[in-house]
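Trainee: Could we go through this structure together, one question at a time? I am new to reading models like this.

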Amino acid sequence: MALHVPKAPGVAQMLKDGVRYFSGLEEAVFRNIGACKQFAHSVRTAYGPNGMNKMVINHLEKLFVTSDAATIIRELDVEHPAAKLVVLASEMQEAEVGDGTNFVIIFAGALLEEAEELLRLGVTTSEIAEGYELALEKALEELPKLVVSEAKDYRDVQQIRAALKTSIMSKQYGKEDYITDLVCEACTSILPSKVTTFNVDNVRVCKILGSGLQASQVLQGMVFKRQVEGNITKVTNAKIAVYTCPIDITTTETKGTVLIKSAAELMNFSRGEESLLESQIKSIADSGAKVVVSGGKFGDMALYFVNKYDMMAVRLPSKFDLRRLCKAVGATALTKLIPPTKEELGFADTVHVDELGDTQVVIFQLLEQESRISTVVIRGSTDNYMDDIERAIDDGVNTFKAITRDGRFLTGAGATEIELAAKISAYADTIPGLEQYAVRKFARALEVFPKTLADNSGAQATELLSKLYASHKEGKVNDGFDIESTGPATTIDAKEKGILDLYLTKLWALKYAVNAACTILKIDQIIMAKRAGGPKVGGAKPADDDD
């Protein structure tokens with residue numbers, strides 16, 4: 001019988017050797033709060049139009065230079081479990097609204113920072129979490145009262161421009177007017193007659209190196225950075241046949257052996273294959289198709305016949321591009337090399353090859369009829385710069401989608417947050433229990449947004465807060481921070497200036513941030529199982545195979 005040495009009492013005796021275990025305020029709660037605070041402080045400097053860029057190099061050595069929090073947290077492989085909860089909340093915000101990811105991280109960090117003070121004073125985590133949930137309830141009750149305008153006609157560029165401009169301004173300050181015009185044109189041009197849902201995927205982005213941002217444009221249809229396969233480079237009023245298979249001689253499923261006895265037999269054998277392929281290509285041309293698009297390769301002989309019958313040949317290896325093209329031109333992708341029916345053919349006003357900078361592109365353009373997909377062609381000096389412009393456009397398109405769901409707007413520039421903070425502070429006085437301290441801290445946490453805007457713009461945060469509270473007390477509920485002011489911090493009427501935030505963005509951001517903060521506060525033990533064994537990836541290898 002083997003001797004059994006009992007382990008130390010407690011959780012450790014139930015688990016394997018090598019397990020890590022933390023419990024209590026000092027070891028678990030404050031550790032988690034510290035990690036989340038650190039994480040929130042690192043992305044706080046990227047908040048607002050004057051936010052700084054971060055240089056992130058991901059695990060694949062790809063370089064990102066951006067102030068977009070969604071990209072930063074996606075490329076940083078966050079490992080700390082508590083910080084990961086904040087990241088998940090932020091990713092959920094990105095999926096729900098497409099903007100406001102930094103808001104979630106900063107607010108969750110601020111709530112945990114304020115909670116730390118209360119915990120050190122002896123308030124329990126359950127009372128703090130309860131207080132935060134009460135404050136959130138009050139904030140969500142007050143939020144609809146602060147709505148300043150609403151977009152009802154989604155085709156009216158003036159109504160949606162203000163909200164898109166604020167979203168884009170926070171990523172590309174100084175270029176927001178031009179980018180907003182591009183996004184407005186791209187989104188409104190593909191709206192169906194009856195707006196039910198707007199698909200973000202219908203606005204494509206094509207980045208072409210060279211020139212500058214002012215050379216960017218919106219095209220109805222699709223743009224591909226490719227060259228055509230054949231000799232034809234331009235077709236007008238083009239009927240389009242789309243195939244997912246290669247345009248080539250069909251190989252047989254089974255292997256066969258052919259015994260050829262003379263040169264005449266050899267000639268006839270190859271001619272039979274040729275005539276079969278020619279009849280297939282001719283039948284496609286007879287159906288009226290002027291452009292053949294394939295997901296596979298074009299064989300040399302097939303290409304000869306495609307040129308013979310004056311058809312343009314375009315190859316798109318990506319199945320996603322094929323799907324989008326089918327949607328854009330109204331075609332059906334065929335899996336076999338058979339002639340398409342009238343219904344399966346797509347249509348584009350022009351399909352032509354163009355040269356932008358030194359890049360060859362194929363453009364499928366729709367001019368007369370309603371297009372389902374639009375493409376924003378971005379020009380710029382470097383790939384990193386164009387990537388950042390693409391992220392700003394993506395935020396704008398997501399904001400447009402959110403407007404089609406709920407077109408209500410709140411004032412930006414920190415005005416909504418200060419008004420909510422004032423209302424919640426007054427509400428805290430009406431609560432009898434210890435939760436009132438947490439409710440008051442919730443109001444304090446909301447002050448972090450105008451403070452961050454001031455810090456990132458080089459203004460005095462405390463001076464700005466006192467000015468904002470004073471003007472809000474006088475009934476100027478739309479007053480926010482003027483980031484363009486020089487010298488001492490000054491306030492501005494955000495509604496007059498057209499600085500508007502989407503109601504949905506704030507609504508979901510508050511919910512997700514409070515949810516993440518309360519979840520982290522309720523953790524009192526961290527138990528980390530022993531990691532799986534095996535050698536480390538990329539570790540030192542033995543000198544000899546026998547070792």
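Trainee: Which residue stands opposite Gln220 in S13?

Mentor: Good place to begin, and keep in mind that this is a predicted model, where local features need pLDDT of at least 70, side-chain atom pairs count only at pLDDT 80 or more, and totals for chains, interfaces and linings use all residues. Residues are numbered from 1 along each chain as its sequence is written, and side-chain values use heavy atoms, with hydrogens and water left out. Strands (E, at least two residues) and helices (H or I, at least four) are DSSP runs numbered from the N terminus, and two strands pair if DSSP finds at least two bridges between them. S6 (residues 217-224) pairs with S13 (residues 374-380) in the antiparallel sense over four bridges, and the residue opposite Gln220 is Ser374.

Trainee: What is the bridge partner of Gly221 in S12?

Mentor: S12 covers residues 359-365 and is joined to S6 by four bridges, with the two strands running antiparallel. In S12, Gly221 has as its partner Gln365.

Trainee: How many of the eight residues of S6 are buried?

Mentor: Buried means under 20% relative accessible area, exposed means over 50%, and partly exposed lies in between, using a 1.4 Å probe and protein chains only. S6 is largely enclosed by the rest of the structure. The number of its eight residues that are buried is seven.

Trainee: Which residue in S17 is the bridge partner of Phe409?

Mentor: Phe409 is in S14, where Ser149 stands opposite it. In S17, the bridge partner of Phe409 is Leu502.

Trainee: Where is Arg408, and is it buried or partly exposed?

Mentor: Arg408 is the bridge partner of Glu150. Contact means heavy atoms within 4.5 Å, and, leaving aside residues up to four places away in sequence, Arg408 touches several residues, among them Pro144, Val147 and Tyr503. Arg408 lies in strand S14, and with a relative accessible area of 25% it is partly exposed.

Trainee: How far apart in space are Arg408 and Leu500, C-alpha to C-alpha?

Mentor: In sequence, Arg408 and Leu500 are 92 residues apart. In space, their C-alpha to C-alpha distance is 9.7 Å.

Trainee: What span should the 19 residues of H17 have at 1.5 Å a residue?

Mentor: The expected span of a helix is 1.5 Å times one less than its number of residues. The end C-alpha atoms of H17 are 27 Å apart, which agrees with the expectation. Of its 19 residues, 15 are buried, so H17 is largely enclosed by the rest of the structure.

Trainee: How many of the 20 residues of H4 are buried?

Mentor: H4 (residues 101-120) reaches 29 Å from its first C-alpha to its last, close to the 28 Å expected. Just after H4, Gly122 takes a positive phi of about 105°. H4 is mostly covered, and its count of buried residues is 17.

Trainee: At what angle do the axes of H7 and H11 cross?

Mentor: Axes are lines fitted to C-alpha atoms, for helices over the stretch in contact, and angles run from 0 to 180 degrees between N-to-C directions. The axes of H7 (residues 176-188) and H11 (residues 383-405) come within 10 Å of each other. The contact includes Ile179 and Val183 of H7 and Ile389 and Phe400 of H11. The crossing angle is roughly 50°.

Trainee: Is Glu61 buried or exposed?

Mentor: Glu61 has a positive phi of about 70° although it is not a glycine. Its place is in the loop between S2 (54-57) and S3 (63-66). At 66% relative accessibility, Glu61 counts as exposed.

Trainee: Where is Asp310 found?

Mentor: Asp310 also takes a positive phi, of about 55°, although it is not a glycine. Its relative accessible area is 55%, and it is exposed. Asp310 is found in the loop between helix H9 (300-308) and strand S9 (312-315).
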